[in-house]
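Here is a short report on one protein chain. Keep the sequence and the 3D view open while reading.

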Amino acid sequence: MCGRLMTIPGVGPVVALTYRATVDVPARFRRSKSVGAVFGLTCSRDQSGERDRPGAISRCGDEMMRTMLYEAAQSMLVRSTRWSWLKAWAMQIAKRRGMKRAIVALARRLAVIMHRIWVDGTEFRWTREVTA
């Protein structure tokens with residue numbers, strides 16, 4: 001399973017093993033999208049009446065896994081030379097919002113993709129198109 005996770009650019013053996021140990025049972029999550037919230041990579045909210053202010057990431061959850069995902073996202077954006085749809089998506093965010101926010105968004109997306117790969121038993125696709 002860790003070999004399939006390492007097909008994602010930026011994800012090495014340490015990140016794959018840490019993810020596997022942290023998630024442990026992928027069936028705990030009904031949707032892959034909720035994995036990012038468990039690691040504290042979603043925005044905290046300040047809501048009251050008519051006010052709704054999104055804040056920084058919540059930082060609740062496993063700090064080691066959050067750090068590993070951040071480092072994997074950073075190595076994908078900065079060190080990796082091969083382009084994928086995921087890197088292009090993050091670079092568009094970096095252009096609009098800045099590199100640090102793009103790295104956090106990519107880390108959250110990596111967590112979701114890694115969960116989906118684990119549940120489906122597939123490998124990372126470098127392009128969006130599905131080959132027949």
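## Around tryptophan 83

Tryptophan 83 makes contact with Ala88, Met91 and Trp126, leaving aside residues up to four places away in sequence. The model is a predicted one. Tryptophan 83 belongs to the loop between helix 4 and helix 5. Lysine 87 lies over the face of this tryptophan, and the distance to the ring centre is 4.9 Å.

Where does the chain come back to tryptophan 83? Tryptophan 126 is 43 residues away along the chain, yet the two C-alpha atoms are separated by 7.9 Å. Alanine 21 gives another reference point. It is 62 residues from tryptophan 83 in sequence and 29 Å from it in space, C-alpha to C-alpha.

## The segment after helix 6

Tryptophan 126 sits in the segment after helix 6. Its contacts are Thr7, Pro9, Arg82, Trp83, Ser84 and Trp85, again without residues up to four places away in sequence. Is tryptophan 126 buried or partly exposed? Its relative accessibility is 25%, so it counts as partly exposed. The cut-off for buried is under 20%.

Phenylalanine 124 is buried, at a relative accessible area of 9%. Its ring and that of tryptophan 126 have centres 5.6 Å apart. The planes stand at 80 degrees, so this pair is edge-to-face.

## Aromatic pairs

How many aromatic pairs does the structure hold? There are four. One of them joins tryptophan 85 and phenylalanine 124. This pair is stacked, with 6.3 Å centre to centre and 20 degrees between the planes. Tryptophan 85 lies in helix 5, and phenylalanine 124 lies in the segment after helix 6, so the pair ties together parts that are 39 residues apart in sequence. Tryptophan 85 has 19% relative accessibility and therefore counts as buried.

Elsewhere, Tyr19, Phe39 and Trp118 form one aromatic cluster. A charge also sits over a ring at tryptophan 89. There the charged end of arginine 109 is 4.4 Å from the ring centre.

## The nonpolar core

The largest nonpolar core contains 37 residues. Ile8, Tyr19, Phe39, Leu69 and Leu110 have the most contacts inside it. Two or more residues each come from helix 1 (2–5), helix 2 (13–23), helix 4 (63–79), helix 5 (85–97) and helix 6 (99–120). Which helix gives the largest share? Helix 6 does, with twelve residues. In soluble globular proteins, nonpolar side chains tend to be buried together.

Phe39 and Leu110 are themselves among the core residues with the most contacts. Phe39 also belongs to the aromatic cluster with Tyr19 and Trp118.

## The strand hairpin

Strand 1 covers residues 43–48, and strand 2 covers residues 51–57. They pair in the antiparallel sense over five bridges.

The structure holds one salt bridge. Which side chains meet in it? They are those of arginine 116 and aspartate 120, at 3.1 Å from N to O. Both residues lie in helix 6. They are four residues apart, about one turn of the helix.

Neither end is buried. Arginine 116 has 36% relative accessibility and counts as partly exposed. Aspartate 120 is partly exposed too, with a relative accessible area of 43%.

## Aspartate 24

Aspartate 24 has a phi near 65 degrees, a positive value in a residue other than glycine. Its place is the loop between helix 2 and helix 3 (35–38). Is aspartate 24 buried or exposed? Its relative accessible area is 54%, so aspartate 24 is exposed. The cut-off for exposed is over 50%.

How values were computed:
Residues are numbered from 1 along each chain as its sequence is written. This is a predicted model: local features need pLDDT of at least 70, side-chain atom pairs count only at pLDDT 80 or more; totals for chains, interfaces and linings use all residues. Side-chain values use heavy atoms; hydrogens and water are left out. A nonpolar core is a set of buried Ala, Val, Leu, Ile, Met, Phe, Trp, Tyr and Cys residues joined through side-chain atoms within 4.5 Å. Buried means under 20% relative accessible area, exposed over 50%, partly exposed in between (1.4 Å probe, protein chains only). Two strands pair if DSSP finds at least two bridges between them. Rings of Phe, Tyr and Trp (its six-membered ring) pair if their centres lie within 6.5 Å; planes under 30 degrees apart count as stacked, over 60 as edge-to-face and the rest as tilted. A charge sits over a ring if NZ of Lys or CZ of Arg is within 6 Å of the ring centre and within 35 degrees of the ring normal. A salt bridge is a side-chain nitrogen of Lys or Arg within 4 Å of a carboxyl oxygen of Asp or Glu. Contact means heavy atoms within 4.5 Å.
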